[in-house]
Amino acid sequence: VAIRLEDYAPAPYRISKLFLDVKLAPQATVVTAELHIERGNATKAGTPLELDGDGLELEGVQIDGFPADPAAITATPDKLVLHSPPADPFVLTIRTRVNPEANTQLMGLYRSSGTYCTQCEAEGFRRITYFLDRPDILSVYTTRIEARKSDAPILLGNGNPSEAGDIPGTDRHYAIWHDPFPKPSYLFALVGGDLAAVRDTFTTSSGRSVDLAIYVEHGRENWCDWAMDSLKRSMRWDEETFGLEYDLDVFNIVAVSDFNMGAMENKGLNIFNDKYVLADPQTATDQDYANVEAVIAHEYFHNWTGNRITCRDWFQLCLKEGLTVFRDQEFSSDMRSRPVKRISDVRLLKAHQFPEDAGPLAHPVRPRTYREINNFYTATVYEKGAEVVRMLKTLLGPDSFRAGMDLYFQRHDGEATTIEAFLACFAEAAGTDLDQFALWYEQAGTPLIKVDCTYSEENQELRLTLSQSIPPLPGQDETDPNVIPVRFGLLGEDGKDMDLVPTPASDVSGDMMVLKQRTQTFTLQNVQARPVLSLLRRFSAPVRLDFDQSKQDLLFLAQRDSDPFNRWQATQTLATRELIRLAGDARQDKALLPDVKLVDAFGETISDTTLDPAFRAQTLDLPSEADIARDLGKDVDPDAIHAARQALRKAIGLQHHSALIGAAQLDGEAFSPDAAAAGQRAFANRALSLLAVADEPGTAELLKTRFDMATNMTDRISALLMLVHNGLHGSEAALAAFLNRFQDTSLAMDKWFMVQATAPKEDAFDRITALTAHPLFDKTNPNRLRSLVQSFATGNPTQFSHASGRGFDFVADMVLEIDNRNPQVASRLLTSFRSWRALEENRAALAKQALLRISAEDDLSRDTRDIVDRCLQ
Ligand code: ARG
Ligand code: ZN
């Protein structure tokens, strides 16, 4: 059944307070919940109360302390109904029994390596007790946790610790936690286990001291420094940037190794996938360090955007996620290079969100309907949602944006609210109307802007005509025009930005054209000579451009644009065009002869030491095969794209061989995870990767040495990847050495599986099937499954979309195998089929067959059923 936004109605009852008593035991945890319930103002006395459950075993129900009359209730594993509840406020006491050990879905209360932990967002709380499990029910929680001391010496809950002690005459103990801030059930959490703590303190701007702790498995204490440092920097940043202070006496983070997603912002008790906490130079790459920093910040920032102010219903998910991603991106930009961070965020957006928005899984940033909410934790809600908030700031300016945020916190603190209420704060603070802007939340699809540019020497005038449209999508034929901020510049012959003198009628503010109509012309005056147009600087809107800019202009931008983002973009655009041309030639079995001018241009990037190495690394990183497939949009032949990309990389590697050898040198300094040092490594390794494709004599030896002598995981894994992906001599020995060294470190072993799963080789398939039988492959661990199967499906286009169909079949089999034990992981894996219609017809037919085979199973989870139906619709 579909849930629809328009059907939203407040619940007939409120639950003001909740006392939970949880007696932890591996197979029979007993949960006693005492719900303080009040009738809503508009609710007639005697209106039935329906509580959500999911697979619960009910042991008893009391109303105001007396056992409920069995005739007055109906209980199933998935529902508890009180047919005629008392008219006045009453206390409902519910005892349920759950089995954490048998919980393979990893939703609700489960065990990870012996630790009891919870995941309640979106609808996991109903797997612990019966409740109004919806985000607009805000309650004050007190949690008493009890366990055997030897099983779980550490007992953690939301809020502040209030009492703890032994239970005399037993081997058990308890802890009581009280969270004074009313919250929805999805933010509930508890943890019980034998964990080590790394502690620190933070003094807030108003002088309150907060005890910080990160809990990990024993022996991993030394891997928490970076996460702790990131946490303290996040806390300070939110005070300085938004005036937001932390509000409890303690802030706890727990790292577990079995987790469906990245991390979870439970109030005062964040629970993390350990890959976003643990970082050590030997086992984590620079990307891992950056991810830890970003995810720690993200979850911390949710304390205000998500927890203090939460969502009225799950359609509003982007209210907390889009906004919080925007906040974590801003934080990382302040900690690192802002332009490089922008480039990598846009890469991510284009790699994940654009294809989602162009295929059968497209949906608005605020969806209007869903069958399974877990399928809407998407790149659209998160990344496009962040872009929409960024555009708000771009359009209103930093001061009005900040005033709108302030008003939002002031007005909605303690509430569960909506996108409309959020936008109203900005409209009011800026004295403007955001009705048209709200369309960004309503319409799916990536707007395409067609650009026409004419220069009149006679009038010294530049006329820019921009037309916007959104290609039709399933269930969305017609769309209305969006408000699109198009930041731009005009480069003179000297490469400098000209002054912008718009005609009064043009909607240009500062360096920004504000496109509001379907077609609009912007006129610039006093333009002395034909300028080179730099459009969509800093990627000021999540759109695609259809602009036939000359190669010469793009080369000029690549070298001279004052906006680093657009310098990078110009190179990407040139490379994309060339790769599309080469892919066409590859399909016709023509010789692949990359454009010499373009190959030369890369030489400038390699040797321009005035540029930030991290930026140079981004420039040398050609558009991915998936990027090219997405830009083609139809009749995609992954083999042709692969051949094209290899040909261009090889030409660059050969042409600039000696410069690349120089660039590939490492500086030999002691490891530091900071952005500058990471940028050096990224550049050196990117240079090396081009050499690896060129494969001149001595390359395999060079890579083998780099692998053997590496002082950190970034250098080691990139050498391994280049050896394996290029099928170079020594790759087997390197794989064996890596296995031998890291077999007990699961996060490092995930990388070992990933490198092999993404090798673009004919033998990749046999290798992957063999790896599913490897003793270290464990399909019950989401990280391990993703490292082998998901990375194959999303990171190995030639082999996943293999012309034989075997790649599709392999992934389809895996989806079916996992679906009944962990539907969330299965349905996420299945989304890797989302662009199947864009494939050339033979491959598309094979992908469809695999999807139909999945669809034919009649006991699919709701999660997987939803994705397969939408993929086939
Ligand atoms: N709120 C979490 C975060 O983004 C993610 C929770 C994902 N939950 C889910 N059911 N997929 O920080
Ligand atoms: Zn989040």
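Helices, as H or I runs of at least four residues, and strands, as E runs of at least two, are DSSP runs numbered from the N terminus. The model described here is predicted.

**Overall form**

The chain contains 27 helices and 32 strands, and its C-alpha atoms fill a box of roughly 90 × 70 × 60 Å along the principal axes. For 873 residues, a compact globule would have a radius of gyration near 29 Å, and the chain, which has 28 Å, therefore agrees with that expectation.

Alanine 122 itself is found in the loop between β11 (115-119) and β12 (139-148).

Most residues other than glycine have a negative phi, and most peptide bonds are trans. Aspartate 635, although not a glycine, has a positive phi of about 55°, and this aspartate 635 lies in the loop between α13 (625-632) and α14 (638-655).

**Two helix pairs**

Two packed helices are described by the angle between their axes and the distance between the axes. The table sets out these values for two pairs.

| Helix pair | Angle between axes | Axis distance |
|---|---|---|
| α18 (713-725) and α20 (746-757) | about 25° | 9 Å |
| α4 (338-357) and α5 (379-396) | roughly 120° | within 9 Å |

Because angles under 35 degrees count as roughly parallel, α18 and α20 are roughly parallel to each other, and their crossing is right-handed. In this pair, Met713, Ile717, Leu720, Leu721 and Val724 of α18 meet Ala748, Lys751, Val755 and Gln756 of α20. The contact of α18 with α20 has, by class, seven nonpolar, one polar and one charged residues.

For the other pair, the axes of α4 and α5 cross at roughly 120°, and that makes α4 oblique to α5. The crossing in which α4 passes α5 is left-handed. From α4 the contact draws on Leu348, Leu349, His352, Gln353, Glu356 and Asp357, and from α5 on Ala379, Thr380, Glu383, Lys384 and Glu387. By class, the contact of α4 with α5 has three nonpolar, three polar and five charged residues.

Note on methods. Residues are numbered from 1 along each chain as its sequence is written. Chains are lettered from A and ligands numbered from 1 in the order in which they are written. This is a predicted model: local features need pLDDT of at least 70, side-chain atom pairs count only at pLDDT 80 or more; totals for chains, interfaces and linings use all residues. Axes are lines fitted to C-alpha atoms, for helices over the stretch in contact, and angles run from 0 to 180 degrees between N-to-C directions. Angles under 35 degrees count as roughly parallel, over 145 as roughly antiparallel, 65 to 115 as roughly perpendicular and the rest as oblique. A crossing is left-handed if the near helix is turned anticlockwise from the far one by less than a right angle, and right-handed if clockwise. Two residues are in contact if their C-beta atoms, placed from the backbone, lie within 7 Å. Ala, Val, Leu, Ile, Met, Phe, Trp, Tyr, Cys and Pro count as nonpolar, Asp, Glu, Lys and Arg as charged, and the others, Gly among them, as polar. The radius of gyration is taken over C-alpha atoms; the globule rule is 2.2 Å times the number of residues to the power 0.38.
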